[in-house]
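Here is a short tour of one protein model. Please keep the sequence and the 3D view at hand while reading.

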Amino acid sequence: MRLRGWKIKGLMLALLLTGGILIGRPQPAQAKSQAVTWYGQWQRAYVGGKSQQYVRMNDGQGATRVVSESQGYGMLAAVLAAKQGARTHATFNNFYRYYRAHRISSTNPLMCWQQTRRNGKLTSVGSERNSATDGDLDIAYALILADRQWGSRTTNYRQAAKRLLTAILAHEINPTTALPLMGNWATTATDRSKLRTGDLMTGYFRTFAKFTGNQRWNRVAQQSQRAVQKLSARHKTGLFPDFIRVRGTSLKLTAVRPGEIESGADNQYGYNACRVPWRLTQTYQLTKDRVTKRALTKQLTFFKRHHTVTAGYTLAGRAVNNYTNPAFTAPINLGAKTLKKTGLHRRLAQQLPKKIQKKSYFGATLQVLTALQ
């Protein structure tokens, strides 16, 4: 570039005034973070639809299926990616439109827990029209983040979040224990005693209390932290089971049998509880809570003794499988990074796939979400 008529002193002054950047010279684009790169790979592999976009969770096998869990993950990933500079506002709005199209009804904003492609359309029939609490909680939190990120002048994320949170309190929180139910279908005493441990999202509940001004959410947060403390103390490993029964205001815990609720791993650290380190880390990032930190540290101490994190453990710490899955590795890696367990973080980061796996919805999605977190 030729500098006609400029003197050296003038050039030096211009550089100082512009922070060392010559105005008019193209600057290199900022490099994408690894998390945003993974987000792009994940979006190409798992996101379908046009004006109403959704997250496929059937890994290319059989009819396309979408669940409220996957839709919540998609909405959360989109807004977290935006916080890192990705242009995902349109994608988030498309996810939001799909959620709105698959609410239980126009007056009940809980999302139908599953849609299956039938005759070319994604629809919910029978029990699929019930809700799943974990999906609704992520959708509500994503709407709050969207309001912070983009505001609510064009699309009223704030109002949508408040309406959804009102419905969650009415239909998905146990009135006795103040803990999350598994869904709006849990109406009997037996079903209300069932707790999916990955739903103890105390950081969310504190956020919901501040966002809505409804103090009932603080009660949900307090009881959730009591449950976390009790669950952490049950075993030397600090591992939580996929499911447990909880009764009474004192939160009496009772173990479940294999196959009692969902699978043979109901009483193990399996594909539900593997999310617990992520949820604990979310809470610690939001609240810096000591109970959360102790519970997370206890689990990280257990995993530090294992060179490789495999897919599932008994609560006593015995590996039940010899293969790995990012659904287990990524949440622990995030916890180690957050609590500055440097050796464990470096080791686990190396064990994650370098590219997002294309036919492993659950593991790939948790890898992306924990990286964006």
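## Ground rules

Two strands count as paired if DSSP finds at least two bridges between them. Strands themselves are DSSP runs (E, at least two residues), and helices are runs too (H or I, at least four residues); both are numbered from the N terminus.

This is a predicted model, in which local features need pLDDT of at least 70, side-chain atom pairs count only at pLDDT 80 or more, and totals for chains, interfaces and linings use all residues. Residues are numbered from 1 along each chain as its sequence is written, and side-chain values use heavy atoms, with hydrogens and water left out.

Strands of a sheet pair through backbone hydrogen bonds, either parallel or antiparallel. Here, 3 strands make an open sheet in the order 6-7-8, with antiparallel pairing. Strand 6 and strand 8 (252-254) are at the edges with a single partner strand each, so one side of each has no neighbour in the sheet. From one strand to the next, the twist averages 40° (axes are lines fitted to C-alpha atoms, for helices over the stretch in contact, and angles run from 0 to 180 degrees between N-to-C directions).

Strand 6 pairs with strand 7 over 3 bridges, in the antiparallel sense. Leu195 faces Ile244 of strand 7 there. Strand 7 (residues 243-247) is also joined to strand 8 by 3 bridges. Arg245 stands opposite Thr254 in strand 8, and Val246 has Leu253 as its bridge partner. Strands 7 and 8 form a hairpin with 4 residues between them. In that turn, Gly248 has a positive phi of about 80°.

How many residues of strand 7 are buried? The count is 4 of the 5, so strand 7 is largely enclosed by the rest of the structure. Buried means under 20% relative accessible area, exposed means over 50%, and partly exposed lies in between (1.4 Å probe, protein chains only).

Strand 4 (residues 114-118) and strand 5 are joined by 3 bridges. Thr116 stands opposite Thr123 in strand 5.

## The largest pocket

The largest pocket holds about 550 Å³ of space. Its lining has 26 residues, and Glu69, Trp113, Arg196, Glu262 and Asn272 are the closest to its centre. A pocket is an open set of points on a 1 Å grid over the protein atoms alone, with protein on both sides within 12 Å along at least five of seven lines; a cavity is a set where a 1.4 Å probe fits but cannot get out; lining residues have an atom within 4 Å of a point. Points are joined across faces, edges and corners, and a volume is the space filled by probe spheres set on them.

Strand 3 (65-67), helix 3 (68-83), strand 6 (194-196) and helix 14 (361-372) each give at least two lining residues. Helix 14 has the largest share, 3 residues. By class, the lining has 10 nonpolar, 8 polar and 8 charged residues. Nonpolar covers Ala, Val, Leu, Ile, Met, Phe, Trp, Tyr, Cys and Pro; charged covers Asp, Glu, Lys and Arg; the others, Gly among them, are polar.

## Two cavities

The whole structure has 2 cavities of 30 Å³ or more. The largest cavity has about 40 Å³ of space. Among the residues lining it are Asn174, Arg192, Leu195 and Val246. Its lining divides into 4 nonpolar, 3 polar and 2 charged residues.

The second largest cavity has a volume of about 30 Å³. Helix 10 (residues 276-287) gives the largest share of its lining, 3 residues. The classes here are 5 nonpolar, 2 polar and 1 charged.

## Cysteines and an exposed lysine

A search of the whole structure finds 0 disulfides, a disulfide being a pair of cysteine sulfur atoms within 2.5 Å. Cys112 is buried, at 1% relative accessibility. Cys274 is buried at 0%.

Is Lys304 buried or exposed? Lys304 lies in helix 11 (residues 290-304) and counts as exposed, at 62% relative accessibility. Its C-alpha atom is separated by 37 Å from that of Arg87, 217 residues apart along the chain.
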